[in-house]
Amino acid sequence: MKQPTIITADDHPLLLKGLNDLLFEKNYNIIGSANDGQEAYNLILQKKPDIAILDIQMPFMSGIEIAKNCIENAPETKVIFITLYKEKELYEQAQHLNIYGYILKEFALEEIETCITQVAEGEHYYSPKIQNLLGVSNDNGDILDILTPSERKILRLIAADKTNKEIASLLFISYRTVEKHRSNMILKLKLEPKTNSLLIWAKEQKHRLW
């Protein structure tokens, strides 16, 4: 899959540099960076990136305001919020605006790749860590609903005793992407991080996966 084009924005220079360094190290296609909300929004309009990774609280325009404007003026750009703030109100606003990704800066190192991968595939990634912190979950009570379509596909193959290598080949994705999805599902489902915990869970829930 083609690498998505990305712009980043944060009003803290060191945090922005840290994020950009991390993404450059992992060979992501960064086409612009901004130090405030207005600059970020202008970049989105000019460059039309696939993904915009935004801090929520910035001068001139907040991430929330940018996302609202993007709905009408840059619908092709998928917004990811990366924030220090843990207020439930901001989380709910992001859901209401159909923001594609939501992660905390303190967990960015371990979650950013999974988040970008899923968002690039048109799926949402709301960090399981912030969901746990805020005590939020899906209203309908079906635990499978917290999984993305890609995760469900992988879970069905796990239940069918396919290895990571076989899953990667069948779904035309990398072995590493399969591993990231597995780790994310273990987090979401609150399973013990043991070798076979996801396999055991998948087999127990096999009848619900199709």
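In strand 5, which residue is the bridge partner of threonine 83? I looked it up and found leucine 104.

Before going on, I noted that this is a predicted model, where local features need pLDDT of at least 70, side-chain atom pairs count only at pLDDT 80 or more, and totals for chains, interfaces and linings use all residues. Residues are numbered from 1 along each chain as its sequence is written, and side-chain values use heavy atoms, with hydrogens and water left out.

**Entry on the neighbours of strand 5.** I took helices (H or I, at least four residues) and strands (E, at least two) as DSSP runs, numbered from the N terminus. Two strands count as paired if DSSP finds at least two bridges between them. Strand 4 (residues 78–83) runs parallel to strand 5 (residues 101–104), and 4 bridges join them. With strand 6 (residues 125–126), strand 5 pairs over 2 bridges, again in the parallel sense. There I found tyrosine 102 opposite tyrosine 126.

**Entry on the faces of strand 5.** I checked whether its sides are covered, and both are. Gly101 and Ile103 are buried on one side, Tyr102 and Leu104 on the other. Buried means under 20% relative accessible area, exposed over 50%, and partly exposed in between (1.4 Å probe, protein chains only).

**Entry on the crossovers.** I called a crossover right-handed if, with the strands pointing away from the viewer, the path from the first strand over the helix to the second runs clockwise. Strand 4, helix 4 (residues 88–96) and strand 5 make a right-handed β-α-β unit. Strand 5, helix 5 (residues 108–120) and strand 6 make a left-handed one.

I traced 6 strands in an open sheet, ordered 2-1-3-4-5-6 with parallel pairing. Strand 2 (29–34) and strand 6 each have a single partner strand, so one side of each is left without a neighbour in the sheet.

**Entry on the cysteines.** I looked for disulfides (cysteine sulfur atoms within 2.5 Å) and counted 0. For cysteine 70, the nearest cysteine sulfur is that of cysteine 115, 16 Å away. Cysteine 70 is buried at 3% relative accessible area, and cysteine 115 is buried at 0%.
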